[in-house]
Amino acid sequence: MSDLFEEVQNLKEQHTGNPEEDAKFNRISELSKEGYTYLKENRIREAEDCFNKILSMDEENNYSLVGLGDCCRKHNDFRGAINYYGKCLESHPGNNYALFGMADCYKALNQYNRAISIWEQYLIHDNKNITVLTRVADAYRKVRDFKKSKALYMKVLDMEENNPYALIGLGHLHYDFKEYHDALYFWQKMMDNNSANVDIRVLTSIGNCHRKLKTFEQGVPFFQKALEIDPNNFYALFGLADCYRGMNQQYRSLEYWNRILEKDSRNKVILTRAGDAYRNMGDLDKAAEYYQKAINIEFDVFAVLGLALIAKQQGKYQEAIESLTRLSQSDPKNHRLYVEIADCYVKMGQKDRAIEILQNFQTQGFRSQAINEFLNSLK
(Lines give C-alpha, C1' and ligand atoms only; values in the text may rest on other atoms or scores of the structure.)
Protein backbone atom coordinates (compact mmCIF):
# COMPACT_ATOMS: atom_id res chain seq x y z
CA MET A 1 0.00 0.00 0.00
CA SER A 2 2.73 2.52 0.93
CA ASP A 3 4.70 1.67 -2.24
CA LEU A 4 1.64 2.27 -4.40
CA PHE A 5 0.94 5.51 -2.51
CA GLU A 6 4.45 6.73 -3.33
CA GLU A 7 4.11 5.60 -6.93
CA VAL A 8 0.88 7.57 -7.33
CA GLN A 9 2.38 10.65 -5.66
CA ASN A 10 5.22 10.56 -8.19
CA LEU A 11 2.91 10.72 -11.21
CA LYS A 12 4.05 13.54 -13.50
CA GLU A 13 2.03 15.82 -15.72
CA GLN A 14 1.85 14.51 -19.27
CA HIS A 15 2.44 16.55 -22.41
CA THR A 16 1.43 14.71 -25.59
CA GLY A 17 0.74 17.71 -27.78
CA ASN A 18 -3.00 16.98 -27.47
CA PRO A 19 -4.37 19.49 -24.92
CA GLU A 20 -7.57 17.47 -24.34
CA GLU A 21 -5.69 14.22 -23.64
CA ASP A 22 -3.13 16.04 -21.48
CA ALA A 23 -5.91 17.61 -19.40
CA LYS A 24 -7.63 14.23 -18.97
CA PHE A 25 -4.41 12.51 -17.91
CA ASN A 26 -3.51 15.28 -15.48
CA ARG A 27 -7.03 15.21 -13.97
CA ILE A 28 -6.75 11.43 -13.49
CA SER A 29 -3.33 11.93 -11.90
CA GLU A 30 -4.73 14.53 -9.46
CA LEU A 31 -7.69 12.31 -8.53
CA SER A 32 -5.37 9.33 -8.02
CA LYS A 33 -3.20 11.32 -5.62
CA GLU A 34 -6.25 12.58 -3.75
CA GLY A 35 -7.79 9.10 -3.59
CA TYR A 36 -4.68 7.44 -2.16
CA THR A 37 -4.18 10.29 0.31
CA TYR A 38 -7.77 9.79 1.53
CA LEU A 39 -7.21 6.00 1.65
CA LYS A 40 -4.09 6.47 3.73
CA GLU A 41 -6.10 8.64 6.13
CA ASN A 42 -8.92 6.02 6.26
CA ARG A 43 -11.36 8.48 4.66
CA ILE A 44 -12.83 5.68 2.59
CA ARG A 45 -15.90 7.43 1.14
CA GLU A 46 -13.83 10.34 -0.21
CA ALA A 47 -11.32 7.86 -1.66
CA GLU A 48 -14.08 5.86 -3.37
CA ASP A 49 -15.50 9.08 -4.85
CA CYS A 50 -12.11 9.95 -6.39
CA PHE A 51 -11.55 6.47 -7.81
CA ASN A 52 -15.08 6.29 -9.30
CA LYS A 53 -14.55 9.66 -11.00
CA ILE A 54 -11.40 8.21 -12.59
CA LEU A 55 -13.35 5.15 -13.84
CA SER A 56 -15.90 7.44 -15.49
CA MET A 57 -13.00 8.78 -17.59
CA ASP A 58 -10.96 5.55 -17.93
CA GLU A 59 -12.78 2.33 -17.04
CA GLU A 60 -9.57 0.23 -17.12
CA ASN A 61 -7.43 2.55 -14.99
CA ASN A 62 -5.27 0.31 -12.80
CA TYR A 63 -4.78 2.83 -9.96
CA SER A 64 -8.51 3.35 -9.50
CA LEU A 65 -9.38 -0.37 -9.71
CA VAL A 66 -6.71 -1.28 -7.16
CA GLY A 67 -7.77 1.71 -5.03
CA LEU A 68 -11.41 0.58 -5.01
CA GLY A 69 -10.22 -2.95 -4.14
CA ASP A 70 -8.26 -1.53 -1.22
CA CYS A 71 -11.35 0.44 -0.11
CA CYS A 72 -13.40 -2.75 -0.06
CA ARG A 73 -10.65 -4.52 1.85
CA LYS A 74 -10.71 -1.76 4.48
CA HIS A 75 -14.44 -2.55 4.93
CA ASN A 76 -13.67 -6.31 5.11
CA ASP A 77 -15.67 -6.70 1.89
CA PHE A 78 -13.19 -9.22 0.53
CA ARG A 79 -15.37 -10.52 -2.31
CA GLY A 80 -16.00 -6.97 -3.53
CA ALA A 81 -12.26 -6.30 -3.36
CA ILE A 82 -11.51 -9.47 -5.36
CA ASN A 83 -13.91 -8.24 -8.05
CA TYR A 84 -12.01 -4.94 -8.46
CA TYR A 85 -8.57 -6.57 -8.35
CA GLY A 86 -9.78 -9.10 -10.93
CA LYS A 87 -10.94 -6.32 -13.28
CA CYS A 88 -7.53 -4.69 -12.95
CA LEU A 89 -5.75 -7.94 -13.77
CA GLU A 90 -7.88 -8.45 -16.89
CA SER A 91 -6.29 -5.32 -18.38
CA HIS A 92 -3.00 -5.36 -16.46
CA PRO A 93 -2.16 -9.08 -15.85
CA GLY A 94 1.10 -8.47 -14.00
CA ASN A 95 -0.07 -5.72 -11.66
CA ASN A 96 1.67 -6.55 -8.39
CA TYR A 97 -0.65 -4.46 -6.23
CA ALA A 98 -3.76 -6.22 -7.57
CA LEU A 99 -2.11 -9.63 -7.16
CA PHE A 100 -1.05 -8.84 -3.60
CA GLY A 101 -4.47 -7.48 -2.65
CA MET A 102 -6.36 -10.40 -4.19
CA ALA A 103 -4.13 -12.96 -2.46
CA ASP A 104 -4.63 -11.23 0.89
CA CYS A 105 -8.40 -11.34 0.34
CA TYR A 106 -8.38 -15.09 -0.36
CA LYS A 107 -6.25 -15.55 2.76
CA ALA A 108 -8.82 -13.58 4.79
CA LEU A 109 -11.54 -15.86 3.37
CA ASN A 110 -9.46 -18.93 4.46
CA GLN A 111 -9.03 -19.95 0.81
CA TYR A 112 -5.33 -20.58 1.29
CA ASN A 113 -4.69 -22.61 -1.86
CA ARG A 114 -6.08 -19.80 -4.05
CA ALA A 115 -4.02 -17.27 -2.11
CA ILE A 116 -0.88 -19.37 -2.65
CA SER A 117 -1.55 -19.59 -6.40
CA ILE A 118 -1.82 -15.79 -6.70
CA TRP A 119 1.17 -15.03 -4.46
CA GLU A 120 3.25 -17.38 -6.62
CA GLN A 121 2.23 -15.33 -9.67
CA TYR A 122 3.44 -12.26 -7.77
CA LEU A 123 6.79 -13.92 -7.02
CA ILE A 124 7.38 -14.47 -10.75
CA HIS A 125 7.78 -10.67 -11.00
CA ASP A 126 9.39 -10.12 -7.59
CA ASN A 127 10.91 -13.25 -5.99
CA LYS A 128 12.83 -11.29 -3.36
CA ASN A 129 9.82 -9.74 -1.67
CA ILE A 130 10.14 -10.85 1.95
CA THR A 131 6.58 -9.81 2.85
CA VAL A 132 5.12 -12.01 0.13
CA LEU A 133 7.47 -14.92 0.86
CA THR A 134 6.40 -14.98 4.52
CA ARG A 135 2.74 -14.76 3.51
CA VAL A 136 3.11 -17.73 1.16
CA ALA A 137 4.96 -19.65 3.88
CA ASP A 138 2.11 -18.83 6.31
CA ALA A 139 -0.44 -20.08 3.77
CA TYR A 140 1.45 -23.35 3.22
CA ARG A 141 1.50 -23.74 7.00
CA LYS A 142 -2.27 -23.30 7.11
CA VAL A 143 -2.73 -26.10 4.54
CA ARG A 144 -0.21 -28.23 6.52
CA ASP A 145 2.46 -28.43 3.83
CA PHE A 146 5.40 -28.58 6.24
CA LYS A 147 8.16 -28.93 3.63
CA LYS A 148 7.18 -25.98 1.39
CA SER A 149 6.34 -23.76 4.35
CA LYS A 150 9.67 -24.36 6.06
CA ALA A 151 11.63 -23.91 2.81
CA LEU A 152 10.12 -20.44 2.28
CA TYR A 153 10.62 -19.34 5.88
CA MET A 154 14.27 -20.46 5.67
CA LYS A 155 14.65 -18.57 2.37
CA VAL A 156 13.51 -15.43 4.18
CA LEU A 157 16.08 -16.03 6.95
CA ASP A 158 18.78 -16.46 4.30
CA MET A 159 17.82 -13.03 2.94
CA GLU A 160 17.29 -11.36 6.32
CA GLU A 161 18.78 -13.09 9.34
CA ASN A 162 16.45 -13.09 12.36
CA ASN A 163 13.43 -11.83 10.39
CA PRO A 164 10.75 -11.80 13.13
CA TYR A 165 7.87 -12.99 10.91
CA ALA A 166 9.86 -15.97 9.65
CA LEU A 167 10.99 -16.92 13.17
CA ILE A 168 7.45 -16.68 14.54
CA GLY A 169 6.13 -18.64 11.55
CA LEU A 170 8.72 -21.39 12.00
CA GLY A 171 7.76 -21.61 15.66
CA HIS A 172 4.08 -22.05 14.79
CA LEU A 173 4.92 -24.51 12.00
CA HIS A 174 6.89 -26.83 14.29
CA TYR A 175 4.32 -26.43 17.08
CA ASP A 176 1.49 -27.43 14.69
CA PHE A 177 3.42 -30.61 13.87
CA LYS A 178 4.11 -31.33 17.56
CA GLU A 179 7.85 -30.63 17.19
CA TYR A 180 7.92 -28.63 20.40
CA HIS A 181 11.69 -28.53 20.92
CA ASP A 182 12.19 -27.00 17.46
CA ALA A 183 9.32 -24.57 18.03
CA LEU A 184 11.00 -23.49 21.27
CA TYR A 185 14.28 -22.89 19.43
CA PHE A 186 12.75 -20.44 16.93
CA TRP A 187 10.54 -18.63 19.45
CA GLN A 188 13.40 -18.33 21.93
CA LYS A 189 15.58 -16.92 19.14
CA MET A 190 12.85 -14.41 18.33
CA MET A 191 12.71 -13.38 21.99
CA ASP A 192 16.50 -13.11 22.32
CA ASN A 193 16.60 -10.73 19.33
CA ASN A 194 13.79 -8.56 20.69
CA SER A 195 14.44 -8.68 24.43
CA ALA A 196 13.59 -4.99 24.88
CA ASN A 197 10.16 -5.33 23.26
CA VAL A 198 8.93 -8.89 23.69
CA ASP A 199 5.66 -9.80 21.97
CA ILE A 200 3.18 -11.27 24.46
CA ARG A 201 2.21 -13.93 21.87
CA VAL A 202 5.80 -15.17 21.77
CA LEU A 203 5.85 -15.44 25.57
CA THR A 204 2.61 -17.46 25.70
CA SER A 205 3.78 -19.61 22.77
CA ILE A 206 7.01 -20.52 24.58
CA GLY A 207 4.98 -21.24 27.71
CA ASN A 208 2.66 -23.50 25.72
CA CYS A 209 5.63 -25.49 24.40
CA HIS A 210 6.67 -26.18 27.98
CA ARG A 211 3.09 -27.24 28.78
CA LYS A 212 3.15 -29.71 25.89
CA LEU A 213 6.59 -31.00 26.94
CA LYS A 214 5.33 -31.20 30.57
CA THR A 215 8.24 -29.01 31.68
CA PHE A 216 5.72 -26.97 33.62
CA GLU A 217 8.17 -25.21 35.94
CA GLN A 218 10.03 -23.79 32.94
CA GLY A 219 6.79 -22.55 31.43
CA VAL A 220 5.68 -20.57 34.51
CA PRO A 221 8.10 -17.58 34.09
CA PHE A 222 6.96 -16.95 30.51
CA PHE A 223 3.28 -16.83 31.44
CA GLN A 224 4.10 -14.62 34.43
CA LYS A 225 5.99 -12.21 32.19
CA ALA A 226 3.01 -12.16 29.80
CA LEU A 227 0.72 -11.22 32.71
CA GLU A 228 3.05 -8.34 33.58
CA ILE A 229 2.31 -6.96 30.11
CA ASP A 230 -1.43 -7.76 30.17
CA PRO A 231 -2.85 -8.86 33.57
CA ASN A 232 -6.07 -10.12 31.96
CA ASN A 233 -4.58 -12.06 29.04
CA PHE A 234 -6.64 -15.26 28.78
CA TYR A 235 -3.84 -17.39 27.31
CA ALA A 236 -1.39 -16.36 30.02
CA LEU A 237 -3.92 -16.97 32.81
CA PHE A 238 -4.91 -20.34 31.35
CA GLY A 239 -1.28 -21.36 30.76
CA LEU A 240 -0.20 -20.44 34.27
CA ALA A 241 -3.17 -22.25 35.82
CA ASP A 242 -2.45 -25.33 33.72
CA CYS A 243 1.24 -25.31 34.65
CA TYR A 244 0.41 -25.22 38.36
CA ARG A 245 -2.13 -27.99 37.72
CA GLY A 246 0.62 -30.05 36.07
CA MET A 247 2.90 -29.34 39.04
CA ASN A 248 0.06 -30.56 41.34
CA GLN A 249 -0.13 -27.16 43.02
CA GLN A 250 -3.91 -27.06 42.88
CA TYR A 251 -4.33 -24.11 45.24
CA ARG A 252 -2.17 -21.97 42.94
CA SER A 253 -3.95 -23.10 39.79
CA LEU A 254 -7.27 -22.11 41.39
CA GLU A 255 -6.12 -18.50 41.71
CA TYR A 256 -5.83 -18.25 37.92
CA TRP A 257 -8.89 -20.36 37.04
CA ASN A 258 -10.94 -18.02 39.22
CA ARG A 259 -9.36 -14.92 37.67
CA ILE A 260 -10.59 -16.14 34.28
CA LEU A 261 -14.04 -16.82 35.73
CA GLU A 262 -14.21 -13.25 37.09
CA LYS A 263 -14.22 -12.10 33.46
CA ASP A 264 -16.06 -15.06 31.93
CA SER A 265 -18.28 -16.72 34.55
CA ARG A 266 -19.98 -19.01 31.99
CA ASN A 267 -16.85 -20.64 30.61
CA LYS A 268 -17.68 -24.30 31.27
CA VAL A 269 -14.18 -25.56 30.43
CA ILE A 270 -12.70 -23.33 33.14
CA LEU A 271 -15.51 -24.23 35.57
CA THR A 272 -14.67 -27.93 35.22
CA ARG A 273 -10.93 -27.23 35.61
CA ALA A 274 -11.64 -25.28 38.80
CA GLY A 275 -13.92 -28.11 39.94
CA ASP A 276 -11.07 -30.58 39.38
CA ALA A 277 -8.75 -28.41 41.47
CA TYR A 278 -11.22 -28.23 44.37
CA ARG A 279 -11.82 -32.01 44.13
CA ASN A 280 -8.10 -32.77 44.19
CA MET A 281 -7.74 -30.51 47.23
CA GLY A 282 -10.52 -32.48 48.97
CA ASP A 283 -13.11 -29.67 48.93
CA LEU A 284 -15.83 -31.87 47.42
CA ASP A 285 -18.76 -29.51 48.08
CA LYS A 286 -17.04 -26.65 46.27
CA ALA A 287 -16.03 -28.97 43.45
CA ALA A 288 -19.61 -30.20 43.02
CA GLU A 289 -20.81 -26.58 42.93
CA TYR A 290 -18.46 -25.76 40.03
CA TYR A 291 -19.27 -28.95 38.11
CA GLN A 292 -22.99 -28.23 38.46
CA LYS A 293 -22.51 -24.67 37.20
CA ALA A 294 -20.85 -26.08 34.08
CA ILE A 295 -23.66 -28.60 33.49
CA ASN A 296 -26.27 -25.86 33.96
CA ILE A 297 -24.72 -24.00 31.04
CA GLU A 298 -24.55 -27.07 28.77
CA PHE A 299 -23.96 -30.81 29.12
CA ASP A 300 -20.27 -31.36 29.79
CA VAL A 301 -18.62 -34.78 29.87
CA PHE A 302 -15.83 -33.66 32.19
CA ALA A 303 -18.23 -32.07 34.67
CA VAL A 304 -20.34 -35.25 34.77
CA LEU A 305 -17.15 -37.28 35.22
CA GLY A 306 -16.11 -34.96 38.04
CA LEU A 307 -19.42 -35.48 39.84
CA ALA A 308 -19.07 -39.26 39.40
CA LEU A 309 -15.58 -39.16 40.91
CA ILE A 310 -16.91 -37.15 43.86
CA ALA A 311 -19.55 -39.86 44.43
CA LYS A 312 -16.77 -42.45 44.29
CA GLN A 313 -14.64 -40.52 46.82
CA GLN A 314 -17.69 -40.35 49.11
CA GLY A 315 -18.12 -44.12 48.91
CA LYS A 316 -21.27 -43.90 46.77
CA TYR A 317 -19.93 -46.55 44.41
CA GLN A 318 -23.20 -47.64 42.78
CA GLU A 319 -24.11 -44.02 41.98
CA ALA A 320 -20.64 -43.48 40.50
CA ILE A 321 -20.87 -46.70 38.43
CA GLU A 322 -24.23 -45.69 36.94
CA SER A 323 -22.95 -42.28 35.92
CA LEU A 324 -19.64 -43.60 34.55
CA THR A 325 -21.43 -46.36 32.62
CA ARG A 326 -23.66 -43.81 30.87
CA LEU A 327 -20.56 -41.85 29.89
CA SER A 328 -18.82 -44.99 28.58
CA GLN A 329 -21.79 -45.76 26.32
CA SER A 330 -21.35 -42.42 24.56
CA ASP A 331 -17.53 -42.59 24.65
CA PRO A 332 -16.60 -46.30 24.43
CA LYS A 333 -12.91 -45.62 23.61
CA ASN A 334 -12.28 -43.70 26.83
CA HIS A 335 -10.24 -46.18 28.85
CA ARG A 336 -10.29 -44.00 31.97
CA LEU A 337 -14.04 -44.53 32.39
CA TYR A 338 -13.56 -48.32 32.44
CA VAL A 339 -10.70 -48.03 34.91
CA GLU A 340 -12.85 -45.93 37.26
CA ILE A 341 -15.85 -48.31 36.95
CA ALA A 342 -13.64 -51.33 37.61
CA ASP A 343 -12.05 -49.59 40.60
CA CYS A 344 -15.53 -48.95 42.05
CA TYR A 345 -16.30 -52.69 41.78
CA VAL A 346 -12.97 -53.55 43.44
CA LYS A 347 -13.80 -51.24 46.33
CA MET A 348 -17.21 -52.96 46.60
CA GLY A 349 -15.41 -56.32 46.83
CA GLN A 350 -16.60 -57.46 43.37
CA LYS A 351 -13.26 -58.28 41.79
CA ASP A 352 -14.70 -60.62 39.13
CA ARG A 353 -17.06 -57.89 37.93
CA ALA A 354 -14.13 -55.47 37.72
CA ILE A 355 -12.20 -57.95 35.53
CA GLU A 356 -15.26 -58.39 33.31
CA ILE A 357 -15.53 -54.60 32.78
CA LEU A 358 -11.85 -54.31 31.80
CA GLN A 359 -12.06 -57.31 29.47
CA ASN A 360 -15.17 -55.81 27.87
CA PHE A 361 -13.05 -52.80 26.86
CA GLN A 362 -10.50 -55.12 25.23
CA THR A 363 -13.07 -57.23 23.38
CA GLN A 364 -14.24 -54.06 21.58
CA GLY A 365 -10.82 -53.92 19.93
CA PHE A 366 -9.48 -50.99 21.95
CA ARG A 367 -5.98 -50.93 23.43
CA SER A 368 -4.80 -49.28 26.63
CA GLN A 369 -1.70 -49.78 28.75
CA ALA A 370 -3.60 -48.63 31.85
CA ILE A 371 -6.30 -51.28 31.26
CA ASN A 372 -3.68 -54.01 30.73
CA GLU A 373 -1.80 -53.09 33.90
CA PHE A 374 -4.99 -52.97 35.99
CA LEU A 375 -6.11 -56.34 34.63
CA ASN A 376 -2.73 -57.94 35.41
CA SER A 377 -2.83 -56.59 38.96
CA LEU A 378 -6.32 -58.07 39.49
CA LYS A 379 -5.44 -61.45 38.01
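Modeller: One thing before the annotations: UniProt annotations may be inferred rather than shown by experiment. With that in mind, the unreviewed UniProt entry puts "domain: Rap-GAP" at residues 327-379. And this is a predicted model.

Colleague: What is the helix and strand content of residues 327-379, and how far apart are the end C-alpha atoms?

Modeller: That span is 75% helix and 0% strand, with its end C-alpha atoms 26 Å apart.

Colleague: Why is α18 called roughly antiparallel to α19?

Modeller: Start with the angle: helix α18 (residues 301-313) and helix α19 (residues 317-330) pack at about 160°. Anything over 145 degrees counts as roughly antiparallel, so α18 is roughly antiparallel to α19. Their axes are 7 Å apart, and the crossing is left-handed.

Colleague: Which residues of α18 and α19 meet?

Modeller: From α18, Val301, Val304, Leu305, Ala308, Ala311 and Lys312; from α19, Tyr317, Glu319, Ala320, Ser323, Leu324 and Leu327. Contact here means heavy atoms within 4.5 Å.

Colleague: How many residues of each class does the contact of α18 with α19 have?

Modeller: Nine nonpolar, one polar and two charged. Lys and Glu count as charged, and Lys312 and Glu319 are both in the contact.

Colleague: Where does UniProt list "repeat: TPR"?

Modeller: At residues 28-61, 130-163, 200-233 and 268-301, again from an unreviewed entry. Among them, residues 130-163 are 79% helix and 0% strand, with end C-alpha atoms 9 Å apart. Residues 200-233 are 82% helix and 0% strand, and their end C-alpha atoms are 9 Å apart.

Definitions and conventions:
Residues are numbered from 1 along each chain as its sequence is written. This is a predicted model: local features need pLDDT of at least 70, side-chain atom pairs count only at pLDDT 80 or more; totals for chains, interfaces and linings use all residues. Side-chain values use heavy atoms; hydrogens and water are left out. Axes are lines fitted to C-alpha atoms, for helices over the stretch in contact, and angles run from 0 to 180 degrees between N-to-C directions. Helices (H or I, at least four residues) and strands (E, at least two) are DSSP runs, numbered from the N terminus. Angles under 35 degrees count as roughly parallel, over 145 as roughly antiparallel, 65 to 115 as roughly perpendicular and the rest as oblique. A crossing is left-handed if the near helix is turned anticlockwise from the far one by less than a right angle, and right-handed if clockwise.
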